[in-house]
Amino acid sequence: LCQMIYTSTSAPSVTLADKIKVASYSVSNCKELGLTGRVLVVPEMALNILEGDGAIFVPVEAIKDDALIDLLIIHQSQPITEREFEDYSVWMTYKPEVPMRGVHRLTPENFEVALPKNLPLKTRLFVDANFRLTEFAA
């Protein structure tokens, strides 16, 4: 069992509608693969925390090669003794028009709920520096 934390940015041509479709697809795909985790999305980037067996490296390699992704940086990959998350979900600062299973609106009020309780310090500092949700509250 391992956990991987990475950030990704979308290619310049990716629209908001594209991002919402990807969020829905990733929830469905990760459930099928038995992966758990969280994705926190602001317009410019996504912080991805993915948990599963060694097979998590396969979808990450596919994401790196995806034309919708401009940049993917793996920050941490480590063995874990138990999962931090019960499921896989995507939390975005913008809300899809149609409700989607596992896709949530990320707000300053629910931000801590979306994050794992045991987030590594380095990742917590990264989140604090890059996810200023008051800018996106609407």
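Student: What volume does the second largest pocket have?

Tutor: First, the ground rules. This is a predicted model, where local features need pLDDT of at least 70, side-chain atom pairs count only at pLDDT 80 or more, and totals for chains, interfaces and linings use all residues. Residues are numbered from 1 along each chain as its sequence is written, and side-chain values use heavy atoms, with hydrogens and water left out. A pocket is an open set of points on a 1 Å grid over the protein atoms alone, where a 1.4 Å probe fits, with protein on both sides within 12 Å along at least five of seven lines; lining residues have an atom within 4 Å of a point. Volume is the space filled by probe spheres set on the points, which are joined across faces, edges and corners. Here the second largest pocket has about 220 Å³.

Student: Which helix gives the most to the lining of the second largest pocket?

Tutor: H1, with four residues. Helices are DSSP runs of H or I, at least four residues, and strands are runs of E, at least two, numbered from the N terminus. Lys31, Glu86 and Arg101 are among the lining residues of this pocket.

Student: What is the volume of the largest pocket, and how many residues line it?

Tutor: The volume is about 620 Å³. The lining has 32 residues, and Val22, Ser26, Asn48, Ile63 and Ile69 lie nearest the centre. H1 again supplies the largest share, eight residues.

Student: Is Ser26 buried or exposed?

Tutor: Buried means under 20% relative accessible area, exposed over 50%, partly exposed in between, with a 1.4 Å probe and protein chains only. Ser26 is at 16%, so it counts as buried. Ser26 sits in H1 (residues 16-33). Leaving out residues up to four places away in sequence, Ser26 touches Tyr88 and Val90; contact means heavy atoms within 4.5 Å.

Student: Which residues in S3 are the bridge partners of Tyr6 and Val39?

Tutor: Two strands pair if DSSP finds at least two bridges between them. S1 and S3 run antiparallel, joined by seven bridges. S2 and S3 are also antiparallel, over seven bridges. Asn48 in S3 is the partner of Tyr6, and Asn48 is the partner of Val39 too. A hairpin of two residues links S2 to S3.

Student: How many of the residues of S3 are buried?

Tutor: In a regular strand, side chains alternate between the two faces of the sheet. In S3, eight of eight residues are buried. One side has Met45, Leu47, Ile49 and Glu51; the other has Ala46, Asn48, Leu50 and Gly52.
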